[in-house]
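Subject: Structure handover

Hello,

Here is the structure I said I would pass on. My notes on what turned up follow below it.

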Amino acid sequence: MDVKQNLEQWRGRLVSSIPVAGLISRSAVVYKWKAPFRAWMLRETVAWRLVDLLDQSFVLHELRHALGARILLRSAFESLATLIYLNEMTRQVLAGSMNFNAFADRTSTLLLGSRNNPDGPKSMNIVTVLEKCDKAYPGLLALYGELSESSHPSYQGLCRGYTKIDHNEYETHFSNRWNELYGNSHLRQMTLCMETFHHEYNTVWPDLMTKLEAWIEANDATLEAAKTA
């Protein structure tokens, strides 16, 4: 994958609006419920955020600012995880293992959750989301953990990133080692993030949304009776 070329194409294809009238024309029955609308909102806001983060990560990589590039890539994987998790919850609704009301509440939490707004829903712990995503994409959580170590002032974020010990001379040398350590792997990790996002956004989500719309139409009477969303 040509990372730069694909990012340029993605920027030009980002959805600029979601007209409510357009959704109603798809199905007035489905879009009287808030949950499917929030699913559309989540998909597109994730896309905007992920492309923005990857754009900036790539710029920093080209400038050999590897630490900043890794921190932004870490955030991009968090955004990707949000979409993967949304798709997994949709599967659970279709399979009957998640109540539609719980799905509606969770989409609200993902879209509107915050840690500093007492009047809104409390945001989910992103590590919890990533743990669920790791079942679909084994290794995702480990990669996120590796990127997180770079983001924090831990051993990797401090000693490994800025020091090298000369054991023969019993001397510690300081330098910025981030590009030396991680510059060669960065584009490969970016590509993994982009390919996974492309699959979840362009293949998985549209198929699941079509099925969810059909499911809501088929179960509308039951949902109306319960008035759960």
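The charged end of Arg43 sits over the ring of Tyr201, 3.7 Å from the ring centre. Keep in mind that this is a predicted model.

The charged end of Arg70 sits over the ring of Tyr182, 3.8 Å from its centre.

The whole structure contains 8 aromatic pairs. Ring pairs also join Trp33, Phe100, Phe103 and Trp215 into a cluster.

Salt bridges

How many salt bridges does the structure hold? The count is 11. These are the ones I would look at on screen.

- Asp55 and Arg11: their side chains meet at 2.5 Å, N to O. Asp55 is buried, with a relative accessible area of 17%. Arg11 counts as partly exposed, at 40%.
- Asp207 and Lys211: the closest N and O atoms are 3.2 Å apart. Both residues are in helix α9, and they are separated by about one helical turn because they sit 4 residues apart. Asp207 is partly exposed, at 38% relative accessible area. Lys211 is partly exposed too, at 45%.
- Glu180 and Arg177: here the closest N and O atoms are 3.3 Å apart. Arg177 counts as buried, with 10% relative accessibility.
- Lys32, Asp220 and Glu224: these three are linked in a network of salt bridges.

A buried threonine

Thr107 is found in helix α5, residues 100-112. Its relative accessible area is 0%, so Thr107 counts as buried. What does the side chain of Thr107 make a polar contact with? The partner is the side chain of Arg38, at 3.0 Å. Thr107 also has contacts beyond its neighbours within four places in sequence. Those are with Ala35, Arg38, Leu42 and Leu86.

Two backbone angles to check

Arg64 has a positive phi, near 65 degrees, and is not a glycine. Arg64 lies in the loop between α3 and α4. The residue is exposed, with a relative accessible area of 59%.

Tyr170 is another non-glycine residue with a positive phi, about 55 degrees. Where does Tyr170 lie? It is in the loop between β1 and β2, the latter covering residues 171-174. Tyr170 is exposed, at 77% relative accessible area.

The chain as a whole

The secondary structure comes to 10 helices and 2 strands. From the N terminus, the order of elements is α-α-α-α-α-α-α-α-β-β-α-α. The C-alpha atoms fill a box of roughly 80 × 35 × 30 Å along the principal axes. The chain has 229 residues, and 43% of them count as buried. Take the contacts with a separation of 6 or more: 67% of them are between residues 24 or more positions apart.

Confidence

The mean pLDDT of the chain is 94. A value of 70 or more is reached by 99% of its residues. Which element has the lowest mean pLDDT, and which the highest? Strand β1 (residues 163-166) has the lowest, at 90. Helix α4 (residues 66-95) has the highest, at 98.

Best wishes

Terms used. Residues are numbered from 1 along each chain as its sequence is written. Side-chain values use heavy atoms; hydrogens and water are left out. Rings of Phe, Tyr and Trp (its six-membered ring) pair if their centres lie within 6.5 Å; planes under 30 degrees apart count as stacked, over 60 as edge-to-face and the rest as tilted. A charge sits over a ring if NZ of Lys or CZ of Arg is within 6 Å of the ring centre and within 35 degrees of the ring normal. pLDDT is the predictor's confidence in each residue, from 0 to 100. Buried means under 20% relative accessible area, exposed over 50%, partly exposed in between (1.4 Å probe, protein chains only). A polar contact is a pair of N or O atoms within 3.5 Å; within protein, one must be able to donate a hydrogen and the other to accept it, and residues adjacent in sequence count only if both atoms are side-chain atoms. Contact means heavy atoms within 4.5 Å. A salt bridge is a side-chain nitrogen of Lys or Arg within 4 Å of a carboxyl oxygen of Asp or Glu.
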